[in-house]
Amino acid sequence: MTNVEEFRREVRGWLRTHLTGEFAALRGRGGPGREHEAHAERLAWERHMAASGWTCVGWPEEYGGRGATLEEQVAFHEEYALADAPARVGHIGEQLLGPTLIAFGTPEQRERFLPPIAAAQELWCQGYSEPDAGSDLANVRTRAERDGDDWTVTGQKIWTSLAHEADWCFVVARTDPGSTRHRGLSYLLVPLDQPGVEIRPIVQLTGTSEFNEVFFDGARTGAANVVGAPGDGWRVAMATLGFERGVSTLGQQVGFRRELEAVIALAKRNGAAADPLIRDRIARAWTGLETIRFNALRMLGAVAAGAPGPEASIGKIFWATWHRDLGELAMDVCGAGGMLADGEPYDLTDWQRLYLFSRSDTLYAGSNEIQRNIIAERVLGLPKEVRP
């Protein structure tokens, strides 16, 4: 038995033993469009995981992780998803900020911020997108100025996932007043529980509110809470986006497969599978999911070899479009009954929630339009789009 197989068995055994009792009811809870579900209970589960060393498994041991290899990290995320374990509440800190601090942070920053992330004691959100900027992350108007031993931050971020549950936010702000576009930006770590910070949840089509507007009006953070050099924030921010496309995508695909299997089962029960067009779309969905998986494995293989290729660029647009189409397929399988709410005043079925929330998949984390430009210009080397 290989080390990876042994590691996989260890993960599976721990989940089987511990996802019981008070935590048994958390199976399948949370996730996109359902982050409001059992947040306090899922946080308790995450801290239970931390006590046994099952958070941050890919971090080096010196920073509180297990030092798991890439293959072991893939195994962990797959087994976690196969166990139908609840959606992680510390994902942004663990998968995005943590690796960024390990790569770019100072020893003092790592000592201060990594242990609370690993222990699920501090939750994080990502302050990138801004109003009127769409997916143009370089169009940053939020500014930060030095004021003695602090930075003062003024501006607005939007579509900030889970900001209403977070303790801290990593914020891309303009620190050079005369700069434009990618230059003159800094990557700041800002506490949210302070005067000068206002968080307004955004009600979505699903009736839930996991995205937020965040307003900074002279909010303060210590001068030492800039990751990388002042003005070098764009490079750090892009590295964070690279970590976002990491091994956890394999676990995401296990969830996708579970959704597809449920759609197929529904089609068999209600007779929709007798429709040849529905059968064709189900076959296309199955083929597409296999393509997503193989592309993700190819991407991780390239990363492990130290030569990332175009797979990361095409991966996001592919899975986002696939998941949106799965939502449409699910509603067509439901038939006319899918138009009816599950209860008053606006209770949704799982299929309705999948359909509505998956509309956002092609927008967040880089819209399909922006992803196509990146693929065309940076991967294929085509002429740049004409811009005003």
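Residues are numbered from 1 along each chain as its sequence is written, and side-chain values use heavy atoms, with hydrogens and water left out. Because the model is predicted, local features need pLDDT of at least 70 and side-chain atom pairs count only at pLDDT 80 or more, while totals for chains, interfaces and linings use all residues.

Helices (H or I, at least four residues) and strands (E, at least two) are DSSP runs, numbered from the N terminus. A residue is called buried under 20% relative accessible area, exposed over 50% and partly exposed in between, with a 1.4 Å probe and protein chains only. In strand β4, 7 of the 7 residues are buried, so the strand is largely enclosed by the rest of the structure. Trp168, Phe170, Val172 and Arg174 point one way from β4, whereas Cys169, Val171 and Ala173 point the other way. Two strands are taken to pair if DSSP finds at least two bridges between them. Strand β4 pairs with β1 (residues 124–127) in the parallel sense over 4 bridges, and Cys125 stands opposite Cys169 in β4. With strand β5 (residues 185–191), β4 runs antiparallel and is joined by 7 bridges; Ser186 in β5 is the bridge partner of Ala173.

Helix α10 (residues 350–357) has 6 of its 8 residues buried, so this helix too is largely enclosed by the rest of the structure. Its buried residues are Trp351, Gln352, Arg353, Leu354, Leu356 and Phe357.

Rings of Phe, Tyr and Trp (its six-membered ring) form a pair if their centres lie within 6.5 Å; planes under 30 degrees apart count as stacked, over 60 as edge-to-face and the rest as tilted. The whole structure holds 16 aromatic pairs. One of them is the edge-to-face pair of Phe23 and Trp45, at 5.2 Å centre to centre and with 65° between the planes. Phe23 lies in the loop between α1 (3–18) and α2 and Trp45 in helix α2, so that the pair links distant parts of the chain, 22 residues apart. Both Phe23 and Trp45 are buried. Phe113 and Trp168 form an edge-to-face pair, with 5.0 Å centre to centre and 80° between the planes. Phe113 is in helix α5 (residues 107–118) and Trp168 in strand β4, so this pair ties together parts 55 residues apart in sequence. The relative accessibility of Phe113 is 2%, and that of Trp168 is 11%.

Phe23 and Trp45 also belong to one aromatic cluster with Phe7, Trp14, Trp54, Phe76 and Tyr80. A charge is said to sit over a ring if NZ of Lys or CZ of Arg is within 6 Å of the ring centre and within 35 degrees of the ring normal. Arg66 lies over the face of Trp54, 3.6 Å from the ring centre, and the charged end of Arg88 sits over the ring of Tyr80, 5.9 Å from its centre.

The loop between α2 (39–51) and α3 (70–82) contains Cys56, a residue other than glycine with a positive phi near 55°. Cys56 counts as buried, at 1% relative accessibility. Glu61 lies in the loop between α2 and α3 and is exposed, with a relative accessible area of 61%. With contact meaning heavy atoms within 4.5 Å, Glu61 touches Arg66 and Gly67, not counting residues up to four places away in sequence.
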